[in-house]
Amino acid sequence: MRKRRALTGLATAAVIGTAAALASAAPAQANAAQCEQYIAQRGYSVGAKVKEACRVADQADRPALCRDLLFRAGVTYNEAAVACALGIL
């Protein structure tokens with residue numbers, strides 16, 4: 001159980017670190033389109049649910065809602081977190 005918690009903590013830290021690195025390296029025009037592009041590059045279909053989630057991140061600045069919507073659409077939590085971070089820049 002402790003190993004599982006430690007691995008979960010490490011994975012979360014890695015996602016946050018990756019999102020922070022992408023956020024600092026990404027150009028200022030990062031938006032919903034880049035969120036969608038990131039999802040597509042990971043092999044997911046970019047349909048209405050993904051577009052809506054990325055739009056929420058871009059227009060409403062609500063990354064938590066974006067992550068939840070992408071997760072419900074079948075995107076892994078870690079990939080959703082990175083995509084939504086790109087969507088709010």
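Me: Let me start with two cysteines. Are Cys66 and Cys84 buried or exposed?
Reply: Cys66 is buried, and Cys84 is buried too. Keep in mind that this is a predicted model. Buried here means under 20% relative accessible area.

Me: What do Cys66 and Cys84 form?
Reply: Look at the sulfur atoms. A disulfide needs a pair of them within 2.5 Å. Those of Cys66 and Cys84 are 1.9 Å apart, so the two residues form a disulfide by that cut-off. The link is left-handed, with -80 degrees about the S-S bond. Cys66 sits in helix H4 and Cys84 in helix H5, so the pair ties together parts that are 18 residues apart in sequence.

Me: How many disulfides does the structure hold?
Reply: Two. In the other one, Cys35 and Cys54 are joined, with sulfur atoms 2.0 Å apart. That link is also left-handed, at -65 degrees about the S-S bond. Cys35 belongs to helix H2 (residues 32-41) and Cys54 to helix H3, so this bond ties together parts 19 residues apart in sequence. Cys35 has a relative accessible area of 0%, so it is buried. Cys54 is buried as well, at 0%.

Me: Which pattern do the disulfides follow?
Reply: Count the bonded cysteines along the chain. The pattern is 1-2, 3-4.

Me: Which residues of H3 are buried?
Reply: Val50, Ala53, Cys54, Val56 and Ala57. They cover an arc of only 145 degrees around the axis, so they lie on the same side of H3. On the other side, Ala48 and Gln59 are exposed.

Me: What covers the buried residues of H3?
Reply: The cover includes H2, H4 and H5.

Me: Next, charges. Why can charged side chains pair?
Reply: Side chains of opposite charge can pair when their charged atoms come close. This structure holds one salt bridge. The side chains of Glu52 and Arg55 make it, at 2.5 Å from N to O. Glu52 and Arg55 are three residues apart in helix H3, so about one helical turn separates them.

Me: How exposed are Glu52 and Arg55?
Reply: Glu52 has 35% relative accessibility and counts as partly exposed. Arg55 is partly exposed too, with a relative accessible area of 33%.

Me: What follows H3?
Reply: Asp61 does, and its phi is positive, near 50 degrees. Asp61 is a residue other than glycine. It lies in the loop between helix H3 (48-60) and helix H4 (63-72).

Me: One more residue. Where is Ala83?
Reply: In helix H5, which covers residues 77-87. Ala83 is buried, with a relative accessible area of 0%.

Me: What does Ala83 touch?
Reply: Leave out residues up to four places away in sequence. Then Ala83 touches Cys35, Tyr38, Ile39 and Leu70. Take Leu70 as an example. Ala83 and Leu70 are 13 residues apart along the chain, and their C-alpha atoms are separated by 9.0 Å.

Definitions and conventions. Residues are numbered from 1 along each chain as its sequence is written. This is a predicted model: local features need pLDDT of at least 70, side-chain atom pairs count only at pLDDT 80 or more; totals for chains, interfaces and linings use all residues. Side-chain values use heavy atoms; hydrogens and water are left out. Helices (H or I, at least four residues) and strands (E, at least two) are DSSP runs, numbered from the N terminus. Buried means under 20% relative accessible area, exposed over 50%, partly exposed in between (1.4 Å probe, protein chains only). Contact means heavy atoms within 4.5 Å. The arc is that of the directions from the helix axis to the C-beta atoms. A salt bridge is a side-chain nitrogen of Lys or Arg within 4 Å of a carboxyl oxygen of Asp or Glu.
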